[in-house]
Every structure is written in structure tokens, then in C-alpha cells.
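Trainee: I'm new to this one and would like a close look at a single part. Could you put it up for me?

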Amino acid sequence: MKKYIVETYYTCTFKTVHTLNNLDDTELSKIDKRTDGNVEVIDVKLNNRKTRKVGGKKDEKPESTNLEKNLTKNISNQIINTNNDTSANSLNLKIKNNARFKMPDRRKGYIQKAQIGDHKVYLHTGEYDDGKIGEIFIDTNKEGELVKAMMNNFAIAISLGLQYGVPLEEYVDAFIDTKFEPSGNVIGNDRILSASSILDYVFRELAISYLGKEELAHTPSISNSKNLSTEPGEDKFLKIVKNITSKGFVRSNYEEKLVDLSDVRINLKTKN
């Protein structure tokens, strides 16, 4: 039975970093004899492999100096550290990809009914506790089962993207002004009068309600243009209303939606 030895040749590119107290000819002439440098591996390539029989002529090995031993040891440590860093980075990427912010079981939101041409569209939204949108559902009538299934799964895909951190602005830029039937006049929405498609209407409505993009609306807003969330002297009661009210439903117009009941008196006395 014959035995063989496989010899593998690699080309390792590395650099050695030395720290010098003084930059002069004397220090530079001694730098090749120093063994305290930090070795950084740049690249390791496989050149070729050779096979020879066991018991053949052995090649004479040159005597290895202390510098070569230190360099070999440092290179091995550097390769191990590089592999560990790669594993840690891949682990971090896996953790980041799984960072999904699920919706609370009891959530806020609103339902907007509208009619585009002869088709009715019901837009359902779900919000986080801070008022940010986290999911949508789209229901239509006069559509076949295939179109309804496609719209439902499209809404699920958008909802998953929102829960994984995709900004609503990206969806708005992607689907605004898309053109396909049904399209035409919009009935039932006080801010949108026409739409070029169902997706154009849906993301135009979401942009107005959650992003405050008034340039996408066809009618002016009846609320004040000031930002209520940054008022320094904000009323405590108004803060409570913001926490329990759907941001998309009131379109951030909290003060305009409040009803003043300060002059209303209720008689709680019961008749004997």
C-alpha cells in the first residue's frame, strides 16, 4: 500500500507595524531585527498543492529564527481573531434582521371608507401606543377572489415592512401616482378628491394622516398649521387625549376635535 503526502503552498500578505520613538536612520536600520511589531494579515491565497511519496528525499529546512517564529505565531492568532470577528458580525446581522416590533394586542386605529369610481375601498389601520402606524388592511367590493387575495397579501407585506422598521415615507414615494383601474373621482374622503389607482389613494391617505404631507391633499386643512406636539405650555388634558386617540383618525388636529363641555351641567339627582 502506497502512502503519499500532500504539500499545500500558500501566499500570505501581511504588514508589520512598529512604533518608533525617533524617526532617524539609526532606528530604521534596526527595524528589521525587532520582534515587537504588530502583524496584521491582509490576504491569504492558495497557490498550489504537490503530492509526493512517503520516504522520499526530504527537503532541507532552513533554520528558523526567532523573528520567523514570532511572525508565524502572530499570523495564526490574527487569522483566528479574523474568523471570530466574522462570526460575531454574522451573529449581529442575524439579530438585527430579527428585530420586529410587534403590534400590541389592543391597538388604536381607524377605518376610512371611500369610493373610487364604482368601487368601494375600506382602509383599516393599526397604531402603536405612540401613534405610529404599524399595519394596514385593504378591503374592496366588486372584485374577484384573486384580486381580493392579492390586496390582502399586499397589505400584510406592507404591515410586516412597517413592523420591521421600513419608513412609511418609502412606501409613499413608491406607490403614489401609480395608475391602474379603478381610478377617478373619490367620494367619502374629505381631503382626497381623485386618485389614479387604489394604491395611489391608500398611500395618499396615509401620508396625509400620519406624515402630515398636506401637499398631497386636494383640499386645505381646517386645522392650524402649528405643530401641537412641540408646544411648551401644552395642556395636561391634551396630552392625555393624544395618548388615547388615534393619530391617523384626528390627523393630529387634537384641539379642533375636542368638544368644550365646561358650560354643560348634568343633574345627577334621582327622583325619590
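Trainee: How many bridges join β6 to strand β7, and in which sense do the two run?

Mentor: Before we dig in, note that this is a predicted model, where local features need pLDDT of at least 70, side-chain atom pairs count only at pLDDT 80 or more, and totals for chains, interfaces and linings use all residues. Residues are numbered from 1 along each chain as its sequence is written, and side-chain values use heavy atoms, leaving out hydrogens and water.

Now to your question: β6 and β7 (residues 194-195) run antiparallel, joined by 2 bridges. Strands here are DSSP runs of E with at least two residues, helices are runs of H or I with at least four, and both are numbered from the N terminus. Two strands count as paired if DSSP finds at least two bridges between them. Look at glycine 184, whose bridge partner in β7 is alanine 195. The two strands make a hairpin with 6 residues between them, and in that turn glycine 188 has a positive phi of about 110°.

β6 also pairs with β3 (residues 111-116), again in the antiparallel sense and over 2 bridges. There you'll find isoleucine 116 opposite valine 186 of β6.

Now step back into the loop between α4 (168-175) and β6 (184-187), where proline 182 sits. A cis peptide bond, with omega about 0°, links glutamate 181 to proline 182. Aspartate 177 is in the loop between α4 and β6 too, and although aspartate 177 isn't a glycine, its phi is positive, at about 70°.
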